[in-house]
Amino acid sequence: MTNTNLAAGTPAAGTRPAELQAAHRARRRRRQTLVHLTQVLVLVVVLGGWQLLVQGDQRGIILYGLPSGIVSRLQAWITEGTAIGSLGAQIWTTLQEALIGFVIGTALGIVCGIALGRIRFLSDVFGPFIKVLNAIPRIVLGSVFVLAFGLGLESKILLVIVLVFFGVFFNAFQGTREVDRNFIANASILGASRWQVTRQVVLPSAFTWIIASLHVSFGFALIGAIVGEFLGGYAGLGVLIKNAQGTFDANGVWAAMVIMGIVALLAEWLITRLERRLLRWRPAQLAGPDL
């Protein structure tokens, strides 16, 4: 009797986790649907209110632009090109500057952050210099780079490197300092060299800090590229914004900003996917809330 009941009850007990998972997925889908609908509603209210409030005021149209005018400007840029060339060429110029500077600045920030975090002597020697450089308004360096390296890609890439470097450096440095000293001591006792400890213990432990810095750093990379082009350049989204500002074309300014926003969202999506792939070893409860 008891064995029969146990045998009969076994499938029900086995299906309960699956039912809970299905209910959890259903709740997540409902929540995501509600979030997306709310986002669409916010956009409709903001853009619709903007259109209704400004469309009857000629001065307001010149100063603030219109959502319909922004769409028209984007359509014109896509089909007819811009005054300085095709829209694709301007986007690629800015992306090229941002990506090259982002990669170099990230690599330098990781290497220097881990080196100074691991080697006390380097930290004592270079720490004050880094603090002074970090206190300097880095955007101002854009003018120096334009004067020194001209209006080409080099000056923009250097500005991007400077902007990206410090964000990644401080995260890598702090992540290195936050590594559990017991892990380092145990690895050293087991015979690991200093390089092996850095590569197999310190770097994985600091990787969460480093990846977190990339989300902000790519935004800085775009800012550096745009500001560099704004200060002096032949092509790029920054030049489009500068030209639109000079002709009181608010729709053109907003159109370039919309393109920047799309690029930033795509980059954020790619970095998030990279983060999930590289940090799959983390427990699910430490991976952060669902977004």
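Tutor: Let's start with a definition: helices (DSSP H or I runs of at least four residues) and strands (E runs of at least two) are numbered from the N terminus. Read along the sequence, this chain goes α-α-α-α-α-α-α-α-α-α-α, with 11 helices and 0 strands. It's a predicted model, where local features need pLDDT of at least 70, side-chain atom pairs count only at pLDDT 80 or more, and totals for chains, interfaces and linings use all residues. Residues are numbered from 1 along each chain as its sequence is written, and side-chain values use heavy atoms, leaving out hydrogens and water.

Student: How do I read helix packing, and what angle do helix 4 and helix 7 make?

Tutor: Two packed helices are described by the angle between their axes and the distance between the axes. Axes are lines fitted to C-alpha atoms over the stretch in contact, and angles run from 0 to 180 degrees between N-to-C directions. Here helix 4 (residues 87–118) and helix 7 (residues 153–177) pack at about 35 degrees, their axes 6 Å apart.

Student: Is Ala221 buried or exposed?

Tutor: Buried means under 20% relative accessible area, exposed over 50%, and partly exposed in between (1.4 Å probe, protein chains only). Ala221 sits in helix 9 (residues 194–231) and is buried, with a relative accessible area of 0%. Its C-alpha atom is 10.0 Å from that of Ala264, 43 residues apart along the chain. Across the chain, buried residues make up 33% of the 291 residues.

Student: And Phe121, buried or exposed?

Tutor: Phe121, in helix 5 (residues 120–135), is exposed, at 60% relative accessible area.
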